[in-house]
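The sequence and the three-dimensional view come first, and the description follows.

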Amino acid sequence: MRLKYVIEAQQFEVDWLLNDLFPLADKMERIVKKKHGWYWLRYFFDRRALAGKEMISLYYEPSTRTRISHEEAMIKLGGKVASATEHAKVFSSAAKGETIEDTIRVLNSYYPDVIVLRSDEEGMAKRAAAVSLVSIINAGDGTGQHPTQALLDLYTIQKEIKRIAGISIAMVGDLARGRTVRSLSYLLGKFPDVKIYFVSPEVAQMRDDIKDYLKRHGVWFTEEHDLRIIAPKVDVIYQTRTQKERGKLLMKYEKDPGFYIVNQEVLDLMKEDAIVMHPLPHTEEIAPEVDFDPRAVYFRQAENGLYIRMALLRLILQPKRNWRFWRRAKG
Amino acid sequence: MRLKYVIEAQQFEVDWLLNDLFPLADKMERIVKKKHGWYWLRYFFDRRALAGKEMISLYYEPSTRTRISHEEAMIKLGGKVASATEHAKVFSSAAKGETIEDTIRVLNSYYPDVIVLRSDEEGMAKRAAAVSLVSIINAGDGTGQHPTQALLDLYTIQKEIKRIAGISIAMVGDLARGRTVRSLSYLLGKFPDVKIYFVSPEVAQMRDDIKDYLKRHGVWFTEEHDLRIIAPKVDVIYQTRTQKERGKLLMKYEKDPGFYIVNQEVLDLMKEDAIVMHPLPHTEEIAPEVDFDPRAVYFRQAENGLYIRMALLRLILQPKRNWRFWRRAKG
Amino acid sequence: MRLKYVIEAQQFEVDWLLNDLFPLADKMERIVKKKHGWYWLRYFFDRRALAGKEMISLYYEPSTRTRISHEEAMIKLGGKVASATEHAKVFSSAAKGETIEDTIRVLNSYYPDVIVLRSDEEGMAKRAAAVSLVSIINAGDGTGQHPTQALLDLYTIQKEIKRIAGISIAMVGDLARGRTVRSLSYLLGKFPDVKIYFVSPEVAQMRDDIKDYLKRHGVWFTEEHDLRIIAPKVDVIYQTRTQKERGKLLMKYEKDPGFYIVNQEVLDLMKEDAIVMHPLPHTEEIAPEVDFDPRAVYFRQAENGLYIRMALLRLILQPKRNWRFWRRAKG
């Protein structure tokens, strides 16, 4: 079964994640870092794996980080980025009132191999996939989902904690609008014995659709209002950023800013082998001193994004044969 | 004779269109769709036809569609897009008061192979070509011309109706500001027995320069105010979009919106083998139900844009020898 | 010693400029113009010198010219431009409050080979280099420096006047905000017997940091208020542009516009073998008639920017061996 659309976190199965995607991401890291042992000739082969393939980046809202990450992933595998459109909302035919369906139909007629779509409207990626013959990667749709981010988050947990089943995780901050925590919750719901602590002010609590999903899947979760009470209990603190750019700034963080901010006080409370994650860019929700703590993994997390996106592109665009060949050679 | 500048629709001769450009565009479609019969080895050769060639995209007003189409055309033939500037008016040295002539002189000094220029000022492409040693493709200049669009429109008519000479065409909507209908009128004026119906509100009638050109070339045309009267008579309905983004919104479409909108009523009146064209993106000037009618060819029309632009790039950038060789091999 | 960061003009030594950079730039010109004498096979080798290398362009303020120049330089040597971000200040994570250090750390984790950074804040390139393992090229930081511009300016003087030591140069216009003249002053201070005339209105005089630097290095300089008095004495008139886009427009050019504008009157006063330089784009500070005088070298100067940037990229990214090989083969 070839991967065709990357639309939402729920679409992925645990088995596929642990046995296909993550090992391939590991391999991508070796390719990028040129750690190939005796077979460095393979390196040149891998760097040309997607030669002749074309990506179109279509961005309805800006995201330098996500865009560069996807484009670098494509280029590192020998593919070409046909065209990068920033801030399509202001600049492009969207401003002329065209529907996403029509835009995707026209882009399809230029025969790219994959379209990376970032939008500011929930559900747009799904609508795009419904009319697209070309592969679609959802690079975030409004307050909806951000599946590649969720995959790299999960991959980071697997890499740092060495397991996903049975972990305890605190998701902190603006959970109502933060699509990264939404997508990650969907994925975590598929693993056994995961405990989720949603730590947020009243106004920014996790929305009901996620909570219903977790209940249906029998995932233990609770809602809290002070990170310092939760910090000693968890393996992962997933801090989110205040969503200034989306809607009005809501987060007064109530009376005590310490309620939701990761700082030295929280670090002191944390377990020795716990980690602090963040989708970046981070501002005041993580204190500057945290950057120097070995448990702060967010820069490694960003790096993992490159490997996960390379792996996804390869699974989407690569003829199955090569990839099977590698599996066989490896196993 | 090598093609050097693509500035205005009038510059092309009927013979060159029918015998050089359109057959090459047909070939480009076969390359993109990998329909090469027994000689698939040629495929790899063709996909590298423009290897080592560089395009600079210079956009003084946004146009995602035109830009991606040109860049995809370049990439599919193995060329490189050196740099894509969106909305140069706001962002670039144009904002510092530089003339187009100076900008083109400097870009020339970087030795690209072709410059694709989109501007918001009539005549800018002509001024650019006057000082450029490098090939220039006009990708639309204000209310002036949009020659590659006109070529793909004509190519679409040829492909769908199987002839251009003798057709009847209704051009509908904002004809005063719509550069696509202006450029297409120039081209149609070169074919015998073409009948043109300009269907537009009083305030958006076709300008006199085009009407004079058509009179000089002995082309039959008339001006109408209700598409429903004209629909049964024509082979092609060319609907244009309301130019909201250029100048003030003018089109109240008078009392009856049906006067200028393509909807089911108009479809019922049309001939069985007539077609509806539109430069896209379309909004309310074409009713949603029209998309599903087989006579609505506008998505195929957009696709033809890729092939026409690939053919143009090849005629501009390719050493003549290869192209002749292909002609010989073919004929 | 491999070149790693290009941050400020002071970092370069005279010997390296005259014996390494400028001869390599000469070679780059021969590559671009395909003037390779008998060994045209080398051409294909040189055009692929940076194959597999990746550049990230990060622009916090717009600069079409600098950006296209860097990207063309990369592409002409076979490298890839991973991603070009325009106007990051408005569009990117910078708007979300991220520090430059964090942005660079994340970009590092995508393993590009060089990051070209243009910012609107003095000292940003230095801060970026402090945390970057990847090479950084400063493409201008606010009112700070613009070292690649200074290098191409110096290269142009060398090429046109055939010497740098002992020249007399008039720097004219807004010297307080013009980073090109600031960077060039630093470089000129390293050559013996250079005479600098700073010609500017009271409000736009060269800042003290540069004047202190020149005093320390024993460079002769003076400040003047009328270009027409200085014009007959100098080998080079370096005109700068009025910095409309940076801060408020200051330059009323006092009573007599002729004080600071290069026009026919100034041309008539100049030496026969003197030259007029300008970083471009130019507006009213150079009269239109000057363009046609053979002493106006500013378009050739812009072209030299391509060669200098190609040479810099090669010195940064190329394995030393090849480059030494060329030196040996040549000498």
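In the lining of the second largest pocket there are 8 nonpolar, 3 polar and 5 charged residues. The structure is a predicted model. The volume of this second largest pocket is about 320 Å³. It is lined by 16 residues, of which B:Asp102, B:Arg105, C:Asp291, C:Tyr298 and C:Phe299 are the closest to the pocket centre. Two elements each give two or more residues to the lining, namely helix H5 (100-108) of chain B and helix H12 (298-317) of chain C.

The description now turns to a sheet in chain B. An open sheet of 5 strands has the order S8-S7-S6-S9-S10 in chain B, with parallel pairing. Strand S8 (220-224) and strand S10 (275-277) of chain B are the edge strands; each has a single partner strand, so one side of each is left without a neighbour in the sheet. On average, and with direction ignored, neighbouring strands of this sheet are turned by 20 degrees against each other. In general, the strands of a sheet pair through backbone hydrogen bonds, either parallel or antiparallel.

Strand S7 (residues 195-199) of chain B pairs with S8(B) in the parallel sense over 5 bridges. B:Tyr197 has B:Thr222, in S8(B), as its bridge partner. Helix H8 (residues 179-188) of chain B lies across strand S6 (168-172), S7 and strand S9 (236-239) of chain B, and runs at about 160 degrees to S6(B).

In chain A, the peptide bond from A:Leu280 to A:Pro281 is cis, with omega near -5 degrees. A:Pro281 is placed in the loop between strand S10 (275-277) and helix H12 (298-317) of chain A. In chain B, B:Leu280 and B:Pro281 are joined by a cis peptide bond with omega of about -5 degrees, and B:Pro281 is in the loop between S10 and helix H12 (298-317) of chain B.

A positive phi is found at A:Tyr111, although this residue is not a glycine. A:Tyr111 belongs to the loop between helix H5 (100-108) and strand S4 (114-119) of chain A. B:Tyr111, likewise not a glycine, has a positive phi and lies in the loop between H5 and strand S4 (114-119) of chain B. The table gives the values for these residues.

| Residue | Phi | Relative accessible area |
|---|---|---|
| A:Tyr111 | about 55 degrees | 31%, partly exposed |
| B:Tyr111 | about 50 degrees | 30%, partly exposed |

Technical notes
Residues numbered from 1 in each chain as written. Chains lettered and ligands numbered in written order. Predicted model: local features only at pLDDT ≥ 70, side-chain atom pairs only at ≥ 80, totals over all residues. Heavy atoms only, no water. 1 Å grid on protein atoms, 1.4 Å probe; cavity = no way out; pocket = protein on both sides within 12 Å on 5 of 7 lines; lining within 4 Å. Points joined across faces, edges and corners; volume = space filled by probe spheres on them. Helix = DSSP H or I, 4+ residues; strand = E, 2+ residues; numbered from the N terminus. Nonpolar A, V, L, I, M, F, W, Y, C, P; charged D, E, K, R; others polar. Pairing = 2+ DSSP bridges. Axes fitted to C-alpha atoms, helices over the stretch in contact; angles between N-to-C directions. Contact = heavy atoms within 4.5 Å. Buried < 20%, exposed > 50% of the residue type's maximum accessible area, 1.4 Å probe, protein only.
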